Amino acid sequence: MEEKQNLMDKIAVLCKRRGFVFQSSEIYGGFASCYDFGPLGVEMKNNIKKAWWEEMTKFQNLPNGRIVGLDAAILMSPRIWQASGHLTAGFADELVECKKCHHRFRKDFLEKNKCPDCGGQLTKPRKFNLMMKTFIGPVEDEASSAYLRAETCQGIYVNFLNVLNSSRLKIPFGIAQIGKSFRNEITPGNFIYRTREFEQMELQWFCHPKEADKFFEYWKKARLKWYLNLGVKKENIRLKQTPKKELAHYAKSAFDIEYKFPFGWKEVEGIHNRGDWDLSNHSKHSGQDLRFFDENKKEKYFPHIIETSAGADRSFLLFLVDSYCQVKGGRTKTTQAVKEEEVVLKLSKKLAPIKLAVLPLVKNKTELVKKAKEIYRLLKPYFVCQYDELGSIGRRYRRQDEVGTLFCLTIDFESLKKNDVTVRDRDSMKQERIKIGDLPKTLKEKLEK
Ligand code: ATP
């Protein structure tokens, strides 16, 4: 247990030290459970979002049915949240408060009926709404109140007709969206696992009611495969069915994709068969007919929805945890480098924030430095690339390994004569010499392999 906590601490420390994730508002003492993504973090998060987006909009091999994108506003009519049930009991957690220390907890997270912090007695549970409220315009009153969206999918449902008509689509089809959501979580924690502001990557798949079960099965498999294809270890990820009594009000059936975090098996993505709940409900509340008319069959119906809803920040943490390798005693037995522990972030090629590092063998030889900078300038427009000349070459390799850089290019004295560099592979540590002129093409091939 201690070792597992230790691992989360180590990852958080690495994240801060190397610029993946910072505590928000740190110079003002921090702002609870809010985080900022630093230079490496933003590259990696963008890579995750790009991998998801491309998977959805380019690589799905469905015999028919297209997936198109959407970027809906965060602020929407509060009537949407009335209709979806978010302003009523549907989106409220049960909250209890300790009578002694006044700390608050989600009832469903407690193992015993007493305060986990001080052992004090707890109040009766009451509903606590997770929606974050704000005001539109200069007057703060009920009429001007609005909410930051608590899930991105509502923006998709209310645009169902717009997308259908403007893109001349037919059922089945999907709408993909990536965007921020906000929930006033009572117990945020575990670093970026549960925060109050987070990003979701959601697909809403609209299909004929008779095909819903088939597509539900399809999406369960497809989504699990996405993580596996990005290198996640099979034994660390699973699909878990949500028991009937725990289903959300909108769901007919649901599975979670769970990951084995150091703090236990936890959800990273929800896959829901939502039936016709959303479209029929928005039809009722808005007065607009959101049914689909099939011209061939002369049939009018509410499409059923299969939803896949993943967290960009949660999967960021998943990919970090899964790729974090600690090598006791170090990987290079020949150097007398510090023999404590080396860290290698074995991120997949798609997700690694930095693809290449360009390193002159030593920094006090002007010719080497000049050549290395030339190569860096040559490659920078095509690859996310770093130039580093500080410290011994072994130390620089380790610095790149711990952030997952895929290839280190070293410019040595032979490079000056032969116009080539050594390319070191992060995982095998093998080195090969490649002509400078061939670098863009060869490296592109290596990265796409
Ligand atoms: P949980 O049970 O963990 O609160 P949920 O079942 O409410 O999650 P959904 O509403 O299904 O979550 O949201 C889909 C996905 O959005 C989750 O699987 C997760 O990846 C992400 N997500 C939800 N809430 C948060 C949060 N507070 N912080 C970070 N990511 C979140």
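Which backbone nitrogen lies 3.2 Å from a polar atom of the side chain of Ser392? The legend to Figure 1 gives the reply, and the legends after it turn to other parts of this predicted model.

Figure 1. The backbone nitrogen in question belongs to Arg395, and the distance to a polar atom of the Ser392 side chain is 3.2 Å. Ser392 is placed in the loop between strand S20 (385-387) and helix H10 (393-401). With a relative accessible area of 45%, Ser392 is partly exposed. Between Ser392 and Lys363 there are 29 positions of sequence separation, while their C-alpha atoms are 9.2 Å apart in space.

**Figure 2. The whole protein chain.** The secondary structure of the chain consists of 12 helices and 23 strands. The C-alpha trace spans about 75 × 65 × 50 Å along its principal axes. Of the 449 residues, 50% count as buried. The accessible surface of the chain comes to about 23,000 Å², and carbon and sulfur atoms hold 51% of this surface.

**Figure 3. The shell around the ligand.** The ligand is surrounded by 17 residues, the closest being Glu185, Arg194, Thr195, Glu267 and Val268. By class, this shell holds four nonpolar, six polar and seven charged residues. Strands S10, S13 and S16 each supply at least two residues of the shell. Strand S13 gives the most, with five residues.

**Figure 4. Polar atoms facing the ligand.** A polar backbone atom of Thr195 is 2.8 Å from a nitrogen atom of the ligand. In the side chain of Glu267, an N or O atom is 2.7 Å from an oxygen atom of the ligand. Gly311 contributes a backbone N or O atom, which lies 2.9 Å from an oxygen atom of the ligand. Taken alone, the ligand exposes 600 Å², and the protein buries 85% of that area.

**Figure 5. Helix H7 and the elements packed against it.** Helix H7 covers residues 277-286, and its buried residues are Asp278, Leu279, Asn281, His282 and Ser283. An α-helix has 3.6 residues a turn, so residues three or four places apart point the same way. Which elements do the buried residues of H7 pack against? The helices are H3 (78-84), H4 (153-157) and H5 (160-166), and the strands are S10 (197-207), S13 (264-275) and S16 (304-311). Just after H7, Gly287 takes a positive phi of about 80°.

Figure 6. In soluble globular proteins, nonpolar side chains tend to be buried together. The largest nonpolar core of this model has 78 residues, and those with the most contacts inside it are Trp219, Tyr227, Phe319, Leu409 and Leu439. Helix H6 (residues 212-229) provides the largest share of this core, eight residues. A second, separate core has 19 residues, among them Leu70, Cys153, Leu164 and Leu279.

Figure 7. Residues up to four places away in sequence are not counted for Leu439. Leu439 then touches Ile375, Leu379, Leu409, Val421, Val423, Ile434 and Lys444. Lys371 has its place in helix H9 (residues 366-379). Is Lys371 buried or exposed? Lys371 counts as buried because its relative accessibility is 18%, below the 20% limit for a buried residue. Leaving aside neighbours within four places in sequence, Lys371 is in contact with Ile411, Leu416, Asn419 and Ile436.

**Figure 8. Backbone features in two loops.** Arg168 and Pro172 both belong to the loop between H5 and strand S9 (173-182). The peptide bond from Ile171 to Pro172 is cis, with omega near 5°. Arg168 has a positive phi of about 50°, although this residue is not a glycine. Arg168 counts as exposed because its relative accessibility is 75%. The other loop, between strand S14 (292-294) and strand S15 (299-301), holds Lys298. Phi of Lys298 is near 50°, again a positive value in a residue other than glycine. At 60% relative accessibility, Lys298 counts as exposed.

How values were computed
Residues are numbered from 1 along each chain as its sequence is written. This is a predicted model: local features need pLDDT of at least 70, side-chain atom pairs count only at pLDDT 80 or more; totals for chains, interfaces and linings use all residues. Side-chain values use heavy atoms; hydrogens and water are left out. Buried means under 20% relative accessible area, exposed over 50%, partly exposed in between (1.4 Å probe, protein chains only). Helices (H or I, at least four residues) and strands (E, at least two) are DSSP runs, numbered from the N terminus. Contact means heavy atoms within 4.5 Å. A residue is near a molecule or strand if one of its heavy atoms lies within 4 Å of it. A polar contact is a pair of N or O atoms within 3.5 Å; within protein, one must be able to donate a hydrogen and the other to accept it, and residues adjacent in sequence count only if both atoms are side-chain atoms. Accessible areas come from the Shrake-Rupley method with a 1.4 Å probe; for residues, only the protein chains shown count as cover. Ala, Val, Leu, Ile, Met, Phe, Trp, Tyr, Cys and Pro count as nonpolar, Asp, Glu, Lys and Arg as charged, and the others, Gly among them, as polar. A nonpolar core is a set of buried Ala, Val, Leu, Ile, Met, Phe, Trp, Tyr and Cys residues joined through side-chain atoms within 4.5 Å.
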